[in-house]
Amino acid sequence: MGKNLLLSVFLLFLSSICTFAQQRTVSGRVTASADGSPLPGVNVVIKGTATGTATDADGRFTLTVGNSGDVLIFSFIGFINKEVTVGQQSTVDVSLDEDATQLSEVVVTGYGVTPKRELTGAVSSVRGEALRNMPVQSFDRALQGQAAGVQVLSANGVPGGAVNVRIRGLGSITAGNEPLYIVDGVQLNNRNDGGGTVSNNPLAFLNPNDIESIDVLKDAANASIYGSQAANGVVIITTKKGKSGQKTRFDLNYYKGFVEPMPTLRMLNTQELFQVRKEARLTANPSLTEDQVRQAVLADFGFPTTLTEQDIAALPTYDWQKESFKTGTIDNLELSMSGGNDATTFYASMAYNGQDASLINIDFKRLGGKLNLTHKINSKVSTEIGLNVSSITQRGPYGDARGTTAFGAPQYASPLILPFNPIYDPSESSGFFGLPASGDVIVGDLSQNVIANANYIKSKGLTNQFVGNLAVNYKIIDGLTFRVFGGLDYRNLRSEFYGDPRLSDYFNIKGTQTTGNNVNSNLQGNATLTYNKTFAAVHNASALVGFEYREEINEGNSFTGRSFPTPDFSTPNAAAIPFAVGGFWTGFKRAGFFGNFKYDYNKKYILSVTMRYDGSSRFGSDSQYGFFPSISGAWNLTEENFMKGAEFVSDLRLRAGIGTTGNDQIGNFDSRSLYGLGGVYGGVTGIGPSQMGNADLRWERNQTTNIGVDYGFFGNRISGSVEVFQRLSKDLLLAQSLPQTSGFNSITKNVGEVKNEGLEFELRTINLDRNGFKWTSNFNITFLRNEVVSLFDGLQVLPGNLAIRVGYPLGTNINNPYAGVNPANGRPMHYDINGNLTYLRVAADQVPMGHQNFSDMFGGFTNTLTYKGIEFSFFFQYDYGRTVANVQHFRMADLGGVPRNSRYSFFEERWTTPGQITSVPRPALNRTEIASTISSYQTTARFYEDASFIRLKQVTLAYNLPQNILGRLKISNARIYAQAINLITWTKWTGYDPEFQDTGNGTEGIIPQTRNYTFGIQVGF
């Protein structure tokens, strides 16, 4: 027995020696394939065993393996797992590819985050990479075409200018339709609070390259937790943060480029203008001889009547449009640093962005900084700090950037100025023609030198903005956390406008200067208690309760002075005459309690209930509070046993929800009885009643119903979602007429309903992934229908606004349909209510003619191709269904009828001979025929156009330098790229840009968008 025991011990010892001889150590480094950055915390496990390790802060690992056939599995959240056979290697370096399906697993919802597989509502997510390096000044512009159900249209082409964002249609007539924006928990004031002629966008404070993700809450299932602010949807922006275990990393990004105007409009030259003016005079008086009509036209245009046809043929043509719209530049420089350890993480950045508009002397410059800091004080307490500061300087135009008909504004007047007028004074090398002091005159209705205006006028906006937040989290027990959050959105806007005394508008008053200051302070805070618990391994429950308070104050003042001794002194203290002074104060308060309860069974069946009880100072004393509930659920079918055999189905979820949200975007005092300044009597200022109050004024309510399906096939090579929704807006806030005996014109009441219904479709595909070549696509489309359901007192049309009528969309065009011209005589014709041709236009014959405020269909389509470090992507944006009056053409179709220039297309297509079929009438003085029964040629109905378009919005070509080169240079990643924006547009629209949305100033004199070309480099080290 002793011998057997001794033999066993010997054999065991020998076996151990052999095993030890087979075991060896393998080491390596794990990096991200996208940028070469190290990945800390990656799990490295020997397949089929429990033996493994994790990478350190520099992405390095060391592991003991048993034999050369061992397979190492590398896994990390947000990346695709990779298996590597050890073989004879002692060093195993691995790069992991990002998994787009996992990276979007977690989305930010109300006061927390939710795994995407547990969502019960409609949420669209856009990752920061989709916005990367787009030469835009605000992230709302970068959202165009990126998310189903979200329509983004520019209001103008001014850098940093206003943008219209609509989520699932229009729900309000007079209250706001803008969504709620939240940046790192801070609810923003997104109103344009002024800025003179500068188009100011409150969202331009944030550098888009600092954004990690954007989540859009589109239905009440998620948005109702924000109650009274969420009727138009919620846009949640999460900015970049540092990562635990990451060494300090620096990223430098610089791009430079140029902007060029959209194609300018071809206008008449001098000789063509003379021709149509002659025709207009002959229409008024056919008996004129050729000499008489020539002399009359020469007199009209201020020329000697003795000029011959040869003299007229020799007259020059000056291109005012070319002088107004110029090529500009773009500059962007960013430096960021990030990192962290187990206790503290940080992300900090500084950035400068500058861009010219297509119109001369208009630009945007922003200098900003950002800091995100998290710190674990101990195992129970942690803090979060976020700071955003920015200083934005903008030069604005003469006239309003959102649209203007000011005769001195180059964006409006430059195409219309009579082309024989010189721009520059030929007797001076740098002087402008037509300034009042010179005695020269610019002939025509538009008699100002708009190029001089653009150079001499000083229109400036300076915005200093701070958006910050502070949060403290306290872990009471496992699963129970108390959180206190405070946020501030502070904006100080200073505007200046100086009208130079050398210019026509200000010559007689010797110049004018207006300075305005607008300060907006938006303070908010909330406290929440969150509980999460799993029972019996399959029952998961969570609860959130909280209280929130928000207070906003907006105040400002202005001063106007006149009579300046010289253009060299343009500050207010140089004015001899203090002309006007103004000031205002306004504010509101909002408070609410909210809660959310969620339960799921094994992630298979999910139920969510949300409630919010909100109060707002904007509403009547009897109706200040509102209750906004929602209930929603989801069914993950792929978790069912009957789906286990369908291996090609990787994801299939059914969602449904119903709930209500509120809208309080009205004036802060619309519910109150007000007194206003009533003039001066006996040298004493008086006041008098100015508004009738309504103690019962309450919230607009949006009731939304949503049914959605999320799908994924073949390992999510094909994935996306389908949503069907209805949004019913009730208790609309409208002004209702009052009898004159009341002493008031109207009172604001809750009356009327509007309905939006639609279908959304999102599709993401991996079309090809082979031998290092990868081609992915992302497509989304939204179909939308809008209808006014009811108004008040049984009315079918809103008094004073024919565009609002029951049974039709908001913003319906109402007019007399245009029928072209009579081929016999060239006169314009219309259809009456019975479809008969007539020369007359009467209100009784007006009918609906399409709608302009929303689109029937819109979306985007992106393709990305990558191969061995080379990236190529292109993105199309499309919009269909808007019918818009091209009012710019209203002025450009005069054809000599008034002393303004006209567009060549109207000249080319005008009626000239009997029998000619065309839509352009013959020229006529003052746009009117001789007979008094014939109406004006210039009717809006004649200029309705299809504003649908498809635009090649973005094209990007990039190259990522290989790691074997970067490693020698001690650089973690380097990327060289080129990009083009607004490259090609396909449209029937004949103006500058079909995208512009009317913001109340019409579509005339809007500064066009630009084509942008940029070239840049990103370096990480």
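In this predicted model, 3 strands make up an open sheet whose order is 4-1-7 and whose pairing is mixed. Strand 4 (60-65) and strand 7 (94-96) are the edge strands, each pairing on one side only. From one strand to the next, the twist averages 35°. Strands of a sheet are held in pairs by backbone hydrogen bonds, in either a parallel or an antiparallel arrangement. The parallel sense applies to strand 1 (residues 24-32) and strand 7, which pair over 3 bridges. Within this pairing, Val30 has Val94 of strand 7 as its bridge partner.

Strand 26 (residues 577-601) pairs with strand 27 (residues 605-616) in the antiparallel sense, over 12 bridges. Along this pairing, Phe597 stands opposite Val609 of strand 27. The hairpin of strand 26 and strand 27 has 3 residues between the strands, and Asn602 in this hairpin takes a positive phi near 55°. Strand 27 is also joined to strand 28 (residues 625-636), to which it runs antiparallel, by 11 bridges. Here Tyr605 has Trp635, in strand 28, as its bridge partner.

Helix packing can be followed in another part of the chain. Two packed helices are described by the angle between their axes together with the distance between those axes. For helix 5 (residues 270-284) and helix 6 (residues 290-300), the angle is about 115° and the axes lie 9 Å apart. The crossing in which helix 5 passes helix 6 is right-handed. On the side of helix 5, Phe274, Arg277, Lys278, Arg281 and Leu282 take part in the meeting, and they face Val293, Arg294, Ala296, Val297, Leu298 and Asp300 of helix 6.

The nonpolar interior comes next. In soluble globular proteins, nonpolar side chains tend to be buried together. The largest nonpolar core has 33 residues, of which Trp320, Ile417, Ile451 and Leu503 touch the most other members. Helix 9 (410-413) and helix 10 (450-456) each supply at least two residues of this core. Helix 10 gives the largest share, 5 residues. Ile417 can be examined individually: leaving aside neighbours within four places in sequence, Ile417 is in contact with Trp320, Ile442, Leu446, Gln448, Val450 and Asn901. A second, separate core contains 29 residues, including Ala142, Leu143, Val152 and Ile167.

When residues up to four places away in sequence are not counted, Ala980 touches Lys953, Gln954, Val955, Asn1012 and Tyr1013. Phe874 is 106 residues from Ala980 along the chain, yet the C-alpha atoms of these two residues are separated by 9.5 Å.

Technical notes. Residues numbered from 1 in each chain as written. Predicted model: local features only at pLDDT ≥ 70, side-chain atom pairs only at ≥ 80, totals over all residues. Heavy atoms only, no water. Pairing = 2+ DSSP bridges. Helix = DSSP H or I, 4+ residues; strand = E, 2+ residues; numbered from the N terminus. Axes fitted to C-alpha atoms, helices over the stretch in contact; angles between N-to-C directions. Contact = heavy atoms within 4.5 Å. Core = buried A, V, L, I, M, F, W, Y, C linked by side-chain atoms within 4.5 Å. Buried < 20%, exposed > 50% of the residue type's maximum accessible area, 1.4 Å probe, protein only. Left-handed = near helix turned anticlockwise from the far one by under 90°.
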